[in-house]
Amino acid sequence: MCGSGGLGRLLPHLADVVVESARRTAETVTLRASCPSLPARCTGCRMPSWRVHGRYVRRLSDAPLGGAAVVIELTVRRFKCLNSACPAVTFAEQIPGLTSPHARYTPLLRDALTSIALFLAGRPGARLAASLKIRVAKDTLLDLLRAIPEPPDEGVRVLGVDDFALLKGNTYATLLIDLESRRPLDVLPGRDADPLADWLRGHPEVQMICRDRAGAYAEGARSGAPQAQQVADVWHLWRNLAEAVEKTVGTHHPCIRAVFATPPVADDPASKPLAPLVPPVESEPFDPPDGTLDVLGQPRRLVARTTERYEAVQQRLAAGMSLAAIRRELRLDHSTVRRFAHAQSLDELLVKAVNRTSILDPHKPYLHQRWNEGCHDIPQLHRELREQGFTGDVQSVRRYFRPLKKPRSPRPEHPPAPRPEPRPAPKPRRVVRWIMTNPGRLADADAAELKEIRAACPHLDAAARHVRDFADMMRDLRGDQLPNWMDRVTRDELPALHSLVNGLRRDFDAVTAGLSSPWSSGQVEGHVCRVKLLKRMGFGRAKLDLLRKRILHGP
């Protein structure tokens, strides 16, 4: 009998407890137990006593058993304290491992609920507990979370510092990490210098502080721990360099466009006019009068699609299908199906397609004339239209002539070589990626294009050299080469990199240590990602004290 129910799991620690009876209902297992052993020690003076003053029954919730909640009805005795000097006249007995003053949960269940609160906090934790047959309120879980004792202060030698957003753009907090033991130490409100400095004054054992390049953390570390070596994070240094290179590439992007632009050749056979691909241009627009055909005499795509959908809708209506069924089968919007169903004829739907105009319409006669004259260079045609007042972009002209690229007549026996079109210039961010990537990991095509760009623009070639030197210095932990690198950068005409160098000079010691030490803020960034997950799991309903508990004690 003693080993039955939830109490059986505690028997190794509760040799004096006797289970008197056990009963089970559909959802609850109730155990009646008592502790007949004597004596009991006073909770105040710890003096043993044999005098029983009275008895009462305590109801303790235990961990569920077999899908049912477990309740222990424990008969507790109240003793008379035999020490006349003790302020407690009577006291209730406490059974180690089973009871504690004013507790309604056994230690086993309390530990389980505390773990649930750490993982899921309030409402989600209460829902999980209910599915496990544990009745608990969300506020009780939050109280258990707040009652977790602070972790022991074991000292820290290498400290990592970074901030995370409680409300992005508005409220922030500071996360402190012991980089040697890989555990969170504390969470400070805000991201200012004063809270960090006050915390560091209470921890004089700190010898190294890894941080980003924020000025507040630098000032806080300098005033709170002057004995510690500050280390600037190399990832942030590399990011600052990438931002400077991006500004440099943006400034010299005309040089890149010049590299990828192919100048026209006067005696190129491809520049000679080909056989006309379209009929001679009359004074009227080239499109057929009804507007349903394109420049090649084929049905316009919009007209073909409208005709196909109209026939499909009308066929299904004739078969007795409803508009909702037609919408589901054709996967069309309900308003579209209704418009096609209520149309009296196909011509009613083609009015907009036939009468649709574009800003290119006034210039189409001129474009047809130039095309038949042999000018097939789309950028050149666009420049000529711009001189005539055209406001559209080059893509509109390219889309209009796309059908004309497919000849309608057989090709000649010896066709002339096609005239090469200009290569599209890469975007600045793509060039920055080429420069910042290890040359051994670049694709052959990307490496070839980067080589062309560096050969054409000496400023970008110098920037690429400085990036490679900085990467070698960072990889080999050669921070002593930083002064020479900065001197080489300042000798070149690269204003964005000059601004970077000026910032490095203001934080010279920390940057040198970051390029010389294997320590970095990588662990801190990983913990920040975990904090973001915990914050989103709480949906912003908890205050900083609860989030701090979950950060310090969570998984």
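Biologist: Before we start, what is a salt bridge here?
Modeller: A salt bridge is a side-chain nitrogen of Lys or Arg within 4 Å of a carboxyl oxygen of Asp or Glu. Keep in mind that this is a predicted model.

Biologist: Okay. How far apart are the closest N and O atoms of Arg475 and Asp476?
Modeller: They are 3.2 Å apart, and Arg475 forms a salt bridge with Asp476.

Biologist: Is Arg475 buried or exposed?
Modeller: Arg475 counts as exposed, because its relative accessibility is 58%. Asp476 is partly exposed, with a relative accessible area of 43%.

Biologist: How many salt bridges does the count come to?
Modeller: The count comes to 28 salt bridges.

Biologist: How accessible is Glu219?
Modeller: Glu219 has 39% relative accessibility, so it counts as partly exposed. Arg222 is partly exposed too, at 47%.

Biologist: And which residue forms a salt bridge with Asp461?
Modeller: Arg454 does, and the closest N and O atoms are 2.7 Å apart. Arg454 counts as partly exposed, at 26% relative accessibility.

Biologist: Which cysteine sulfur is closest to the one in Cys255?
Modeller: The sulfur in Cys457, at 3.9 Å.

Biologist: Is Cys457 buried or exposed?
Modeller: Cys457 counts as buried, because its relative accessibility is 1%. Cys255 is partly exposed, with a relative accessible area of 31%.

Biologist: Now the rings. How many aromatic pairs does the structure hold?
Modeller: Three aromatic pairs. Phe79 and Phe91 form a stacked one. Their centres are 5.8 Å apart, with 20° between the planes.

Biologist: Where do Phe79 and Phe91 lie?
Modeller: Phe79 lies in strand β6, residues 68-80, and Phe91 lies in strand β7, residues 90-92. So the pair ties together parts that are 12 residues apart in sequence.

Biologist: Are those two buried or exposed?
Modeller: Phe79 is buried, and Phe91 is buried as well.

Biologist: Which residues do ring pairs link into a cluster?
Modeller: Trp238, Phe470 and Trp485.

Biologist: What lies over the face of Tyr172?
Modeller: Arg191 does, at 3.6 Å from the ring centre.

Biologist: Last topic, the surface. Which residues make the nonpolar patch?
Modeller: Leu38, Met47, Trp50, Val52 and Leu82 make it. The patch covers about 440 Å².

Biologist: Where is Trp50 found?
Modeller: Trp50 is in the loop between β4, residues 48-49, and β5, residues 52-65.

Biologist: And is Trp50 buried or exposed?
Modeller: Trp50 counts as exposed, because its relative accessibility is 51%. The cut-off for exposed is over 50%.

How values were computed: Residues numbered from 1 in each chain as written. Predicted model: local features only at pLDDT ≥ 70, side-chain atom pairs only at ≥ 80, totals over all residues. Heavy atoms only, no water. Patch = residues over 30% accessible without salt bridge, like charges linked within 9 Å, V, L, I, M, F, W, Y side chains within 5 Å. Areas by Shrake-Rupley, 256 points an atom, 1.4 Å probe, with all protein chains shown as cover. Helix = DSSP H or I, 4+ residues; strand = E, 2+ residues; numbered from the N terminus. Buried < 20%, exposed > 50% of the residue type's maximum accessible area, 1.4 Å probe, protein only. Phe/Tyr/Trp six-rings, centres within 6.5 Å; stacked < 30°, edge-to-face > 60°. Lys NZ or Arg CZ within 6 Å of the ring centre and 35° of its normal. Disulfide = S-S within 2.5 Å.
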